[in-house]
Amino acid sequence: MDNKNDDPNVPEKTIFSVIAQGDLTEFKNILAQHKGSVDFLDENGMTALQHAAYKGCKDMVQLLLDRGADVNCGNHEYNYTALHFGALSGNSEVCKLLLDAGSKPNSTNSVGRTAAQMAAFVGNHHTVATINNFIPRTEISYFSTPQGQQTEPYLPALLVEPLHKFVLGVNIHPVRLALNLQHASCLLDNAEKVSKVLEMLCKKEMTRGSETNEVMAFKYHYLAYILKEISNIRDKQKPISESEKKHDIVEIFTKKLLKPGKDGYSLDLMDAFLKDCVREFPYRECTTFHQMVTSLTSKAPPPAFSVINCTINGQRGFIDTVPYCSTCGEETPAKKCSKCKTVQYCDRECQRLHWFVHKKACNRESNVQAPNAKVNIDPSELTAELQNLVAG
Ligand SMILES: [Zn+2]
Ligand SMILES: [Zn+2]
């Protein structure tokens, strides 16, 4: 704007205050008026991107990145990066954007803490997991160009994006992964290639010398294992009717995993399935493998899924009141069973998949108003149980 030309700092100051107010519309207007680099600093050495990250505003972060904001810029007195601020905001999507744009997850602030550590410190567990699970897209796209003598790459280029998304997922519940694969059916159609790439990624993580990442290696192995299982189920489901087929795979898999054991609630089949997965991890000398086996073979072993989830996503604080989807373990699901209101689900699909387990308990709950809820599988209780074991 013409009237602002005499003092170029006015719009910059305004940008900071508009971010603080969280006014996206005004922010867009002001940003459009601002010419030149957006990496200017406020009096504390913070960039606009850092302010937007701290505000946890995904749209503002995206707009600034589109304008070429440097994720590693800034001169904050305690050496906070934009990722530190995003981690404090607890907005995992903001952190993902910053990581995608090249934020370094290992940068530490003046007290030696990484962004993930700061997120853990303030209890933003989903953000911790998002940062720890992050891998750059190039890790995957590497396999989409032919190597050495190859005429064809290991991974068709079309699969880079869906596989990257699949790997970054924080919810690693097998049913959630099955649902994700159902939505990204191209991965399932190329299950053999994709699982081979996952195995190569696993190996790569284990052979990085001082930068070896056992946890990520295990995650790749785990994802490949689940993918192969679902692909096997699909292969066995030879043509029935084209339209039914897609749903059946997840349903068969879910019925296999969520069928309660003799006591009515423990998931014996899921446990056996996941223990096999741990057992098949090829790097048996590593600490991560030993820790999992020690835990799984202890006197009162926690559920195998808890062990795997803690390994990959980290230990949570013990105040864990977040509700979970009874089918796929997704946090803070949107829906409740309308009949008994004691179990929660992401959506109709999750409810449908769980009905074979829940119907008995549901009828009982809604007929007799007795708080006899133990029959329901509540993953948050499993986690609590694990916490007791860890504490004890
Ligand atoms: Zn769900
Ligand atoms: Zn119910």
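A: Helix 6 is largely enclosed by the rest of the structure, because seven of its nine residues are buried. A residue is buried if 20 or more other C-beta atoms lie within 10 Å of its own, exposed if 12 or fewer, and partly exposed in between, with C-beta atoms placed from the backbone. Helices are DSSP runs of H or I with at least four residues, strands are runs of E with at least two, and both are numbered from the N terminus.

This is a predicted model, in which local features need pLDDT of at least 70 and side-chain atom pairs count only at pLDDT 80 or more, while totals for chains, interfaces and linings use all residues. Residues are numbered from 1 along each chain as its sequence is written, and chains are lettered from A and ligands numbered from 1 in the order in which they are written.

Which residues of helix 6 are buried? They are Ser 92, Val 94, Cys 95, Lys 96, Leu 97, Leu 98 and Leu 99. The cover over them includes helix 3, helix 4, helix 5 and helix 8 (125-132). Contact here means that the C-beta atoms of two residues, placed from the backbone, lie within 7 Å. Just after helix 6 comes Gly 102, with a positive phi of about 105°.

Now take one of the covering helices. Helix 4 and helix 6 (residues 92-100) pack at an angle of about 15°, and their axes are 9 Å apart. Axes are lines fitted to C-alpha atoms, for helices over the stretch in contact, and angles run from 0 to 180 degrees between N-to-C directions. Helix 4 and helix 6 are therefore roughly parallel to each other. Angles under 35 degrees count as roughly parallel, over 145 as roughly antiparallel, 65 to 115 as roughly perpendicular and the rest as oblique. The crossing of helix 4 past helix 6 is right-handed. A crossing is right-handed if the near helix is turned clockwise from the far one by less than a right angle, and left-handed if anticlockwise.

Who meets whom? On helix 4 the residues are Lys 58, Val 61, Gln 62 and Leu 65, and on helix 6 they are Glu 93, Val 94, Leu 97 and Leu 98. By class, this contact of helix 4 with helix 6 has five nonpolar, one polar and two charged residues. Ala, Val, Leu, Ile, Met, Phe, Trp, Tyr, Cys and Pro count as nonpolar, Asp, Glu, Lys and Arg as charged, and the others, Gly among them, as polar. An α-helix has 3.6 residues a turn, so residues three or four places apart point the same way.

Helix 4 has buried residues of its own: Met 60, Val 61, Leu 63, Leu 64 and Leu 65. Just after helix 4, Gly 68 takes a positive phi of about 90°. Further on, Asn 79 sits in the loop between helix 4 (58-66) and helix 5. Its phi is near 60°, a positive value in a residue other than glycine. Asn 79 counts as partly exposed because it has 16 C-beta neighbours inside 10 Å.

Two other covering helices pack on each other. Helix 3 (residues 48-55) and helix 5 (residues 82-89) meet at an angle of about 15°, with axes 6 Å apart. Helix 3 and helix 5 are therefore roughly parallel to each other. Helix 3 passes helix 5 in a right-handed crossing. Helix 3 brings Leu 49, Gln 50, Ala 53, Tyr 54 and Lys 55 to the contact, and helix 5 brings Ala 82, Phe 85, Gly 86, Leu 88 and Ser 89. By class, the contact of helix 3 with helix 5 has six nonpolar, three polar and one charged residues.

What does the record say about this region? Residues 44-76 are 52% helix and 0% strand, with end C-alpha atoms 6 Å apart. Residues 78-110 are 52% helix and 0% strand, with end C-alpha atoms 5 Å apart.

Last, the whole chain. There are 20 helices and two strands. Of the 392 residues, 39% count as buried. Among contacts between residues at least 6 apart in sequence, 61% join residues at least 24 apart.
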